[in-house]
Amino acid sequence: MLLPEPEQNILDRRDEIVAALKSMLPKGCVIDDRTTMKAFDSDALSAYRNLPLVVVLPETARQVADVMKWCRDNKVKIVPRGAGTSLSGGALPLSDGVLLGLGKFNQITEIDYENRTVTAQPGVTNLAITTAVQDNGFYYAPDPSSQIACSIGGNIAENSGGVHCLKYGLTTNNVLGIEMVTMDGEIVRIGGKHLDAPGFDILGIMTGSEGLLGVVTEVTVRILRKPATQRAMLVGFDSAQQAGQAVSTVIGAGIIPAGMEMMDNPAINAAEDFVQAGYPREAAALLIVELDGPEVEVDYLLDRVAGLMKTSGASSMRVSQSEEERNQFWAGRKSAFPAVGRISPDYLCMDGTIPRKALPEMLTRMAAMSQKYGLRVANVFHAGDGNLHPLILFDANAEGELERAEEFGAEILRNCVALGGVLTGEHGVGVEKRDLMGEMFSEDDLKQQQRLKCAFDPDHLLNPGKVFPVLHRCAELGRLHVHHGQLPHPDIPRF
Amino acid sequence: MAVYTPETSAEIETIIRDALLQKTPLKISGYGTKTGLGGQVQAPDELSLAGHKGITDYQPEELVMVARAGTLLAEIEEALAQKGQMLAFEPPHLEGFYGTEHAGSLGGVIACNLSGPRRISAGAARDYLLGFDAVSGRAGYFRSGSKVMKNVTGYDLSKLMCGSFGMLAVMSEITLKVLPRPEYVASLSLICTSLAQAQSVLSAAFGSATEPSGGAILGEGGGFVATIRLEGVQISVEDRLVSLSDLLASFGDLRVLEGEESSDFWANMRDIAFLDKGAEQVWKLSATPSLAPQVIAEIQSSFDIEFGLDWAGGLIWLSGSGAGLGSHIRNILAANGGGHATLMRASDSIRAIQPVFQPLGEAIGGLQTRIKTAFDPENILNPQRLNLGGEADANAF
């Protein structure tokens, strides 16, 4: 993975930079010895590691602002980091950049049941928000698999999803407001307990911006009342194609389940070996469908879904009879990644999204690719919203396997785009899919996105080398080249 | 004054390129049904999307519809209804409010980010825009987003386009997430003696597991009526009506609204039809729901107003008159948990003296202006429609 060439003059100034940061932050907030910095050298995409120039762990928004303003004035790069659970390398450090960790921002600042909001510092974990309000019957809906560890600030950066976003939306649909620090060192507030901030939707654009536009220092999210009942059903199929079709049938019938997940045979067996969830080992594909709401509604919809599954050719069906059993059904799905980790020395997790109807075709292509690359693949999908998580199994110690696995992954993502889908549904582009952006976007599309970056960070100091395959200077992007009364591309047809 | 009516994105590109070359700003419109909303655009020429229309792709089982920006909202809703689906953000039909022939285009709804009562539970227009293609004020054609539900590839420019009032780019095709229509709808209303009590009713309802999809308060006979909407499969709505009735019984006498009585009530809220048609000014306030009664009481201490609440109290519709009304409202919001106010309807002369949109602080105003520069450095598209606090600067970066 190529990161931008470190600037020698910044590396040479390291002592001065560290001294300046120490002078503006409390004791213990700057880490500059290589041994301790090692803990920050990667995120959850651990194939890539790199030591930062220095690590800072500020405690207040004012301190974040001071660091950012100083870095802007001194043209020093910054890589923001939450809990470091990114699967796309979004928090991969730069050798000539300050790693700005938000780990000390770990307080929930306000719980407001009357307006159904929680305000928290960005380092608070996703699950901690639900934990803080669950005794009063509330929860925070987006539930990425990493929810025990991932931070709410990181969720904003990545626009994280989870298994329930089919019905309840992604992070972007559940965030009401943020306090953020701009690269100029300004602390600004967007939104709050009210809806729809005035002007262009900066909150919307910040969400999913992968740490390239600003640093979030406080978050207000909406919380929901926990549904009265939640029940899950396991449905086995003899072919993945049938299972894929069943997903479309349910949604086509006007039913939006709280979650609709799919696992293929290798994933079913890996999970079953690991947690004994009670999955049908012989099934080619398994659907986990969850319905929530009042008990009468859940019973009624379970009946309807069961009928639709039967006509779609289901080979087995089980409905959870207790909360314990429902959790057991999910335990297999939620531990799919570590479960696969047990059957293979290494794996790569991909994250494309495709139109639901393309699922059967995608599975056929995936099987062919598995043969072509000589690598096994286990599939878990957020089938309800078409988000795929193929896990490519490989052994990093075997000569050339990592490269083969990466090529396999890239080909899967190219196929996602070719089938009308996208490179990433919830893990982000980061460094991992950066060089594939051209598969989905034209040069003009990418340039327009980068112009937006220039509005926030004209010197490309915030997390450069992530998301965009080519770093265009803002001056080059910004100019309208009008020469002799002609704009570029005079050949575009006129009417 | 020339009015251009392009039929393809290539034609949109040509018109904007010519405008750039001649440095003549363009007014961007659909059918002109919302020209009453926003600052007055001073532009010699107009680019109307009225000729760029039609649904180009609709896949009900994928929950996706693609339509050209100039497609009539009515046509979109009709096509969706035929397949038992809907725009979940419940776009308002403001023809009555603005006195226009119809409710205008899809592009207009998206550009103004207009959402109805279901905003509180299902989200805003901005939550349903999956993707688009457009031509920027740089005369550059670009695409963003996709036709899938879950996508974090690159910046979410869809959010930026929603509510940009045609000031960043001219959208050509719009891809929407659509949802199944609820099978059954019913509402519960309750007469309260005070606004504070009505607000407590909404707070209790929305804090319960009955999943309300609308929560409104209107004045009636000296008191206030709180109304809560429930939607879904019939058996569920009936069950939740019972739960909600039990929960709210202590507040007063309850009445169930079904069928047309319920749908008319929410259409009335959605389309702002409950306010006096002759009012000098109509304001839309976004506030912290629990503080709405306080905000209203403070406004009433200086101005004679009519009002109604939606979004569980977080949306205050208000009519009144007086040159100082807008700044009074904004000061009171700022002192009560924050929020923002938009002048939704007023004469040109009043809109010329009272900022239509909430003035932005220096830091956010600066960001907004630089975003404008990123898309439209020469201020070609809809200049002054939104008040950004500054102009784009072609030499800014």
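Which residue in β14(A) is the bridge partner of A:M233? The partner is A:V289. This report describes a predicted model, in which local features need pLDDT of at least 70, side-chain atom pairs count only at pLDDT 80 or more, and totals for chains, interfaces and linings use all residues. Residues are numbered from 1 along each chain as its sequence is written, chains are lettered from A and ligands numbered from 1 in the order in which they are written, and side-chain values use heavy atoms, with hydrogens and water left out.

**Chain A**

Helices (H or I, at least four residues) and strands (E, at least two) are DSSP runs, numbered from the N terminus. Two strands pair if DSSP finds at least two bridges between them. Strand β14 (residues 285-293) of chain A runs antiparallel to strand β12 (residues 229-237) of chain A, and nine bridges join the two. Strand β13 (residues 259-264) of chain A also pairs with β14(A) in the antiparallel sense, over six bridges; here A:M263 stands opposite A:L286.

Buried means under 20% relative accessible area, exposed over 50%, and partly exposed in between (1.4 Å probe, protein chains only). By this cut-off nine of the nine residues of β14(A) are buried. A:A285, A:L287, A:V289, A:L291 and A:G293 point one way from the strand, while A:L286, A:I288, A:E290 and A:D292 point the other way.

Helix α10 (residues 265-275) of chain A has A:A267, A:I268, A:N269, A:A270, A:A271 and A:E272 buried. Their cover includes β13, β14, α12 (323-334), α13 (336-343) and β17 (377-382) of chain A. Just after α10(A), A:Q276 takes a positive phi of about 50°.

A:E403 lies in helix α15 (residues 401-418) of chain A and is partly exposed, with a relative accessible area of 43%. A:E403 and A:T172 are 231 residues apart in sequence, and their C-alpha atoms are 34 Å apart in space.

**Chain B**

Chain B holds 13 helices and 18 strands. Its radius of gyration is 21 Å, close to the 21 Å that the globule rule gives for 397 residues, so chain B is as compact as a globular protein of that length. The radius is taken over C-alpha atoms, and the rule is 2.2 Å times the number of residues to the power 0.38. Along the principal axes, the C-alpha atoms of chain B fill a box of roughly 65 × 50 × 35 Å. Buried residues make up 65% of the 397 residues in chain B. Contact means heavy atoms within 4.5 Å; among contacts in chain B between residues at least 6 apart in sequence, 70% join residues at least 24 apart.

Three strands of chain B form an open sheet with parallel pairing, in the order β1-β3-β2. Its edge strands are β1 (3-4) and β2 (26-29) of chain B, each pairing on one side only. Two bridges link β1(B) to strand β3 (residues 45-48) of chain B, and B:Y4 has B:L47 as its bridge partner in β3(B).

Most residues other than glycine have a negative phi. Two residues of chain B with positive phi are listed below.
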